[in-house]
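This report describes selected features of one protein structure. Please keep the sequence and the coordinates at hand while reading.

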Amino acid sequence: MNLSNFSKRLDELIKEHYKTITQFSLEISCSEATVSRYIQGKSYPTVDIAVRMADYFNCSVDFLLGIKDEEFEKFEFKPCPPFGERFVEVCKEKQISRYKLQQLTEIPESVMRYWVRGKTKPSIVNIVKIAEKLKVSVDYLLGREK
């Protein structure tokens, strides 16, 4: 899993859109300090913030995170369904149990159970791990792709 390109990609996108960190953070409803930590590589966004940023830049979450290099200009993404529902749907489609996915990703099955029940949301790091093991894009796993 390699999210090391995220901070550089975010910094480039902000500059390409002729925004300051202050302007950008206000426009995506995120604190300036938080955006600065992302650019410095000190933290990763939540799934919700990553989706807001990708929507703002009209790009895929995969592109924003630096996982893919191709940008999908003018690509329309649909709103994300609740993650627990989408997670169950993708696991059924890929014919993989949460137990097997737990073995592949080392994410505890109990944590996945909370996602399914809507009690917690996964981190972007866990989303990337799952997408890699299922060989799908992050956007597909989130239900953004049409």
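The model is a predicted one, in which local features require pLDDT of at least 70 and side-chain atom pairs pLDDT 80 or more, whereas totals for chains, interfaces and linings use all residues. Residues are numbered from 1 along each chain as its sequence is written, and side-chain values rest on heavy atoms, without hydrogens and water.

**Helix α1**

Helices are DSSP runs of H or I with at least four residues, strands are runs of E with at least two, and numbering starts at the N terminus. Helix α1 spans residues 6-16, and its buried residues are Phe 6, Ser 7, Arg 9, Leu 10, Leu 13 and Ile 14. Because these residues cover an arc of only 165° around the axis, they lie on the same side of α1; the arc is taken from the directions between the helix axis and the C-beta atoms. In general, an α-helix has 3.6 residues a turn, so residues three or four places apart point the same way. The terms for accessibility are buried (under 20% relative accessible area), exposed (over 50%) and partly exposed (in between), with a 1.4 Å probe and protein chains only. Exposed residues Lys 8, Lys 15 and Glu 16 sit on the face of α1 turned away from the buried side. The buried residues of α1 pack against α2 (21-27), α3 (32-39), α4 and α5 (61-64), where contact means heavy atoms within 4.5 Å.

**Salt bridges**

A salt bridge is counted when a side-chain nitrogen of Lys or Arg is within 4 Å of a carboxyl oxygen of Asp or Glu. This rule gives nine salt bridges. The table lists three of them.

| Pair | N to O distance |
|---|---|
| Arg 9 and Asp 69 | 3.2 Å |
| Lys 19 and Glu 27 | 3.2 Å |
| Arg 144 and Asp 139 | 2.6 Å |

Arg 9 and Asp 69 form a salt bridge; Arg 9 belongs to helix α1 and Asp 69 to the loop between α5 and α6, so the pair ties together parts that are 60 residues apart in sequence. Arg 9 is buried at 10% relative accessibility, while Asp 69 is exposed at 61%. In the pair of Lys 19 and Glu 27, Lys 19 is partly exposed at 26% and Glu 27 is partly exposed at 43%. Asp 139 is buried at 1%, and Arg 144 is buried at 1%. A network of salt bridges links Asp 55, Asp 139 and Arg 144.

**Backbone angles**

Most residues other than glycine have a negative phi. Tyr 18, in the loop between α1 and α2, has a positive phi near 50° and is exposed at 73%. Gln 95, in the loop between α6 and α7 (98-105), has a positive phi of about 55° and is exposed at 74%.

**The largest pocket**

What is the volume of the largest pocket? The value is about 250 Å³. Of its 14 lining residues, those closest to the centre are Asp 48, Pro 81, Pro 82, Phe 83 and Lys 121. Two or more lining residues come from each of α4 (47-57) and α6 (83-93), and α4 gives the largest share, three residues. The lining divides into nine nonpolar, three polar and two charged residues. Here nonpolar covers Ala, Val, Leu, Ile, Met, Phe, Trp, Tyr, Cys and Pro, charged covers Asp, Glu, Lys and Arg, and polar covers the others, Gly among them. On a 1 Å grid over the protein atoms alone, a pocket is an open set of points where a 1.4 Å probe fits, with protein on both sides within 12 Å along at least five of seven lines; lining residues have an atom within 4 Å of a point. Points are joined across faces, edges and corners, and the volume is the space filled by probe spheres set on them.
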